[in-house]
Amino acid sequence: MLRLHYNLEKLSMGLVGAIIVAASIGGLVEIAPLFTIDETVAVPDDLRPHTPLELAGREIYIREGCYACHSQMVRSLADEIDRYGPYSLAGESAYDHPMLWGSKRTGPDLARLGGKYSDLWHVEHLVDPRSVVPASIMPAYPWLARPLDTGLLHDKLATLARLGVPYDEAMIAAAKTDALAQSRPDSDGAEAVTVRYGGKVAVRAFDGDPETLTEMDAVVAYLQSLGTLTEAPYRVLAEDRP
Amino acid sequence: MSGTDTREVDPVTGHDTTGHNWNGIKELNTPFPKLVIWILALAFLYSVVAWILLPAWPTGRDYTRGLLGLDQGTEAVTGFREIAAERQGWLDRFEAPDIAALQADTGLMRQAMPAARRLFDDNCAACHGTSGQGGPGFPVLADGYWLWSGDPAEIALTIRHGINANEESRIAEMPAFNWMSAAERAELAGYVATLPKGDADSDSPAAAIFSENCAACHGDGGTGGLGVGAPSLTDVSVLYGQDAATVLQTLTHGRHGVMPAWAGRLSEAEINLLALYVADLAETKGEVAK
């Protein structure tokens with residue numbers, strides 16, 4: 001053993017070559033599957049992209065660092081399915097740029113949050129978490145009551161469309177008005193939102209006030225959309241297994 | 001540097017030296033510990049075995065499946081179904097259509113209540129509080145006051161379809177009376193605020209406004225109990241508060257409380273179990289509150 005090492009040690013170029021080979025194998029295993037990702041990750045047929053208002057909420061979710069404490073991925077473990085619902089599929093976040101799976105759970109996972117609580121609960125909880133969950137350690141976000149800046153929504157949709165998210169031209173053109181209409185169920189544009197994004201899209205005054213479009217509207221709309229963009233995980237859970 | 005073949009053994013440790021010599025200082029060539037070499041060898045061996053048995057190498061559009069044919073998704077779903085099957089033994093009984101009869105089965109109830117408690121904590125406590133004490137805009141479940149009924153089957157219906165959540169939900173809509181003049185609203189609010197005290201002036205103009213606009217849902221004199229989602233205004237059960245300022249706010253903006261529908265998220269048996277738990281909460285604690 002000693003002699004072998006003694007001799008090997010002197011072949012420095014051989015060592016360089018061996019390091020390159022070993023590292024390449026590691027790289028190959030991690031990188032090669034990405035070349036065929038379009039074919040290997042099935043995007044569910046019924047997957048819809050986020051509406052402009054939900055997208056604005058998603059940006060605020062990122063801005064406030066919610067992902068630092070909340071994951072959005074139910075892992076494929078029996079007790080996770082029992083607690084949260086069907087495990088997350090790669091295809092579910094095909095339209096997410098960037099994805100927000102996360103791995104740190106200081107708070108609970110949010111992947112199946114949509115529809116679990118009422119809008120009012122979300123508003124109360126974001127403004128003062130302790131008012132509804134006394135033991136909560138989540139920070140308060142009272143400033144979400146300020147008006148939502150919709151100025152960049154058009155460009156955001158256009159950018160995502162270039163990345164492959166199926167926003168058509170009508171969606172991009174109406175980004176700003178759709179964002180406003182989704183929080184005003186009685187307005188003229190409200191129906192257009194469900195025509196463009198599907199009948200399951202929630203059109204409500206998410207913060208309880210249809211008069212002003214606030215960041216709260218956007219965040220609550222986003223939270224209520226989590227896990228509702230496709231039924232695929234529920235179909236996978238119900239599948240027959242060998 | 002000296003020659004490669006001159007082995008020189010250190011008398012103290014018994015190891016070779018490297019043969020390097022810096023002004024008389026020599027370096028020991030202590031061999032790698034055998035244990036580490038063995039662990040490394042075993043780790044290599046394990047990885048080879050793992051490649052053969054488990055999913056491992058990417059092959060373009062697929063991957064090597066491994067001889068054991070393990071799939072993490074299948075593992076998880078199978079495990080989940082096992083958990084569900086274990087519960088099914090006693091949980092099945094809660095699918096019974098007559099859930100009120102289950103209430104009498106104290107043995108079964110005692111067995112099921114810890115599971116009901118956990119379901120409640122996971123799903124209901126966020127709004128209704130861990131002991132059903134309610135929250136801002138969320139009803140108290142432990143006080144024995146009901147908008148519809150405290151009967152377990154009725155509670156199960158509320159849990160299943162929610163309130164103002166979808167087409168099948170119970171409806172509880174307090175419209176905004178912002179078409180009334182501010183003075184009328186203030187007067188009405190003052191009247192409603194005095195209703196629980198029982199000394200409201202039934203001949204006042206506000207009382208007339210009340211019977212014209214409010215009594216259809218809240219009952220004559222605000223006694224409620226019509227089962228249309230409008231609370232009695234003569235007890236202290238009003239969710240949002242019954243002081244004049246709060247009532248004025250309610251009159252101006254309306255109320256549209258939402259309870260999500262749990263059908264789909266929870267099974268029928270789980271919904272019935274929760275209904276019995278909630279009915280029990282009200283029964284055991286309601287008497288104290290009243």
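# Reading contacts in a predicted two-chain model

The side chains of E39(A) and R61(B) meet in a salt bridge, 2.2 Å from N to O.

Q: Before we go on, what kind of model is this, and how are residues and chains labelled?
A: This is a predicted model, in which local features need pLDDT of at least 70 and side-chain atom pairs count only at pLDDT 80 or more, while totals for chains, interfaces and linings use all residues. Residues are numbered from 1 along each chain as its sequence is written, chains are lettered from A and ligands numbered from 1 in the order in which they are written, and side-chain values use heavy atoms, with hydrogens and water left out.

Q: What counts as a salt bridge, and how many join chain B and chain A?
A: The criterion is a side-chain nitrogen of Lys or Arg within 4 Å of a carboxyl oxygen of Asp or Glu. Between chain B and chain A the count is 2 salt bridges.

Q: How many residue pairs in polar contact are there between chain B and chain A?
A: A polar contact is a pair of N or O atoms within 3.5 Å; within protein, one must be able to donate a hydrogen and the other to accept it, and residues adjacent in sequence count only if both atoms are side-chain atoms. There are 8 such residue pairs between chain B and chain A, with both residues at pLDDT 80 or more.

Q: Which helices of chain B supply the side that touches chain A?
A: Helices (H or I, at least four residues) and strands (E, at least two) are DSSP runs, numbered from the N terminus. In chain B, α2 (72–91), α4 (106–123) and α5 (125–128) each supply at least two residues of the side that touches chain A. The most comes from α2(B), with 10 residues. By class, that side of chain B divides into 16 nonpolar, 9 polar and 8 charged residues; here Ala, Val, Leu, Ile, Met, Phe, Trp, Tyr, Cys and Pro count as nonpolar, Asp, Glu, Lys and Arg as charged, and the others, Gly among them, as polar.

Q: How many residues are in contact, and what area do the two chains bury?
A: Contact means heavy atoms within 4.5 Å, and 33 residues of chain B meet 37 residues of chain A in this way. Buried area is the accessible area (1.4 Å probe) that two parts lose on being put together, summed over both. Chain B and chain A bury about 3000 Å² between them, with 59% of it on carbon and sulfur atoms. R61(B), A126(B) and R265(B) supply 17% of the area that chain B buries against chain A, more than any other three residues.

Q: How do the axes of α7(B) and α8(B) cross?
A: Axes are lines fitted to C-alpha atoms, for helices over the stretch in contact, and angles run from 0 to 180 degrees between N-to-C directions. Under 35 degrees counts as roughly parallel, over 145 as roughly antiparallel, 65 to 115 as roughly perpendicular and the rest as oblique. The axes of α7 (182–194) and α8 (205–213) of chain B come within 9 Å and cross at roughly 90 degrees, so α7(B) and α8(B) are roughly perpendicular. Their contact has 8 nonpolar, no polar and 2 charged residues.
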